[in-house]
Amino acid sequence: MFILSRDDYCTSATPMDALLHRELSVPFPSAREAEVVYQVLRVDEEPPRSEATKNLTLNNNILEVSFSGKEARKIRVALTSFFDNLLLVTETIEKFGPPESTYSHYGANN
């Protein structure tokens, strides 16, 4: 897995209002694998006390993630948690093999 990142520091009127921003792009071998990872990771929102926001977007076989917040340590904690979950999902996919190209909730692929 190869991860691309971009780091932005957005400023506003005062230093206390400064917003930190980190973007990641995680490519997958197929759009289906990216979709499975996206569906698993999107349900976990950042807790309100973290004061960090996470936004996931799926673009074909690339999972795009952005984090923002006012404190670097809170962004770091959010990133660490995300990477822990990402590793768990990708290791599970490796263990059980790539997902089927289509999925039906009723047990039969269409």
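Q: Two strands pair if DSSP finds at least two bridges between them; how many bridges join strand E3 to strand E4?
A: Eight bridges join E3 (residues 52–59) to E4 (residues 62–69), and the two run antiparallel. Strands (E, at least two residues) and helices (H or I, at least four) are DSSP runs, numbered from the N terminus. This is a predicted model: local features need pLDDT of at least 70, side-chain atom pairs count only at pLDDT 80 or more, and totals for chains, interfaces and linings use all residues. Residues are numbered from 1 along each chain as its sequence is written, and side-chain values use heavy atoms, without hydrogens and water.
Q: What stands opposite Ile62 in E4?
A: Asn59 does. E3 and E4 form a hairpin with two residues between them, and Asn60 in the turn has a positive phi of about 60°.
Q: Which element has the lowest mean pLDDT?
A: Strand E1 (residues 4–10) has the lowest, 58, whereas E4 has the highest, 95. The pLDDT is the predictor's confidence in each residue, from 0 to 100. Where it is low, the predicted coordinates should not be read in detail.
Q: And the whole chain: what is its mean pLDDT?
A: The mean is 82, and 76% of the residues reach 70 or more.
Q: Which residues of H1 meet H2?
A: Glu33, Val36, Val37, Val40 and Leu41 do, where contact means heavy atoms within 4.5 Å.

Terms used
Two strands pair if DSSP finds at least two bridges between them.
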